[in-house]
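Hello,

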Amino acid sequence: MEIRGATMLVAGATGDIGSALAERLAGLGAVTALAGRDPDRLAGVRERCGPGPSRTFDAWDLDGAEGTAAWAARELGGLDAVVVCVGVAAFGPVGEIGEAVAEHLMAVNALAPMAILRSASTHVSPGGLLAAVTGTVARLAPAGMADYAAAKAALATWLASARRELRRSRVGVLEICLPHVESGFAGRAVTGAAPALPPGITVAQAVDTIVEGIRTDASVMEPAGSRRGRS
Ligand SMILES: NC(=O)c1ccc[n+]([C@@H]2O[C@H](COP(=O)([O-])OP(=O)(O)OC[C@H]3O[C@@H](n4cnc5c(N)ncnc54)[C@H](OP(=O)(O)O)[C@@H]3O)[C@@H](O)[C@H]2O)c1
């Protein structure tokens, strides 16, 4: 997809990766709508990206999350692409996580991204793109983060199925499967502390990966820059 001039929604634009991505896309000439939870951070990112629409949402409110794509299409006069960068982790033994945290992780990492993209599928034009960040945890299922890994795996499966379905509408679906990124993400876990992790990629490298995936119409972007073409 050509980024210059494209109308794009970044959901989770207040996060380390989402904000850096929003700024990069704006710098490359995209017309952006920005959605995030924290109003102050959202205003700051909006200012750095230049004028345009922004709106807060909370993943717990699935109807609100779903309405984000329609809002962006309305505000931008059409919608070419949506990238969802929302997520939260939790660490700890499966027997100690508890139902409230498990539900929280599924809402933020799976249900809300699906709600945004489900609605976006009815607004994005042919040749457009739906994208979301998952993580290598969805493939590796490491110990000590079962509910986070399961939520990301649910999102990855939803993306794969939606990709097959939307192919005939010429809408691409991109999974951005990132390894550990040196953002503040692990430190913002709902509960528990991250295990010792090998050094991650930088936020800038994560953004490079996402931008390459958008530009090349990839289906899955995985660590080490490997890419699978649209299928
Ligand atoms: N960092 C890593 O090691 C890593 C590795 C693989 C994949 N990922 C994925 O990459 C994405 C971005 O992560 P990041 O590193 O940029 O972390 P981050 O800075 O913590 O960003 C997380 C984003 O999710 C949003 N969010 C969290 N809970 C929310 C809720 N209840 N409602 C609405 N928004 C909510 C945050 O909004 P506010 O800031 O407005 O609260 C923020 O925009 C996530 O999907 C994460 O799972 C990260």
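**Cavity, pocket and helix contacts**

The largest cavity has a volume of about 30 Å³. A cavity is a set of points on a 1 Å grid over the protein atoms alone where a 1.4 Å probe fits but cannot get out. Volume is the space filled by probe spheres set on the points, with grid points joined across faces, edges and corners.

This is a predicted model: local features need pLDDT of at least 70, side-chain atom pairs count only at pLDDT 80 or more, and totals for chains, interfaces and linings use all residues. Residues are numbered from 1 along each chain as its sequence is written, and side-chain values use heavy atoms, with hydrogens and water left out.

A search of the whole structure finds 1 cavity of 30 Å³ or more. Its lining is A90, G92, V94, I97, L105, G144, M145, A146, D147 and Y148; lining residues have an atom within 4 Å of a point. Helix α7 gives the most, with 3 residues. Helices are DSSP runs (H or I, at least four residues), numbered from the N terminus. By class, the cavity lining has 7 nonpolar, 2 polar and 1 charged residues. Ala, Val, Leu, Ile, Met, Phe, Trp, Tyr, Cys and Pro count as nonpolar, Asp, Glu, Lys and Arg as charged, and the others, Gly among them, as polar.

The largest pocket holds about 1,100 Å³ of space. A pocket is an open set with protein on both sides within 12 Å along at least five of seven lines. It is lined by 47 residues, and G87, V88, Y148, S183 and F185 lie nearest its centre. The lining divides into 27 nonpolar, 13 polar and 7 charged. α1 (16–27) gives the most to this lining, with 3 residues.

Now the helices. The axes of α5 (residues 99–120) and α7 (residues 146–166) come within 8 Å and cross at roughly 15 degrees. Axes are lines fitted to C-alpha atoms over the stretch in contact, and angles run from 0 to 180 degrees between N-to-C directions. α5 and α7 are therefore roughly parallel to each other (angles under 35 degrees). Their contact (heavy atoms within 4.5 Å) includes L105, M106 and L117 of α5 and Y148, L155 and W158 of α7. By class, it has 14 nonpolar, 1 polar and 3 charged residues.

The axes of α3 (residues 62–76) and α5 come within 7 Å and cross at roughly 35 degrees. The α3 side of this contact is L62, A65, E66, A69 and A70.

Best wishes

Terms used
Helices (H or I, at least four residues) and strands (E, at least two) are DSSP runs, numbered from the N terminus. Angles under 35 degrees count as roughly parallel, over 145 as roughly antiparallel, 65 to 115 as roughly perpendicular and the rest as oblique.
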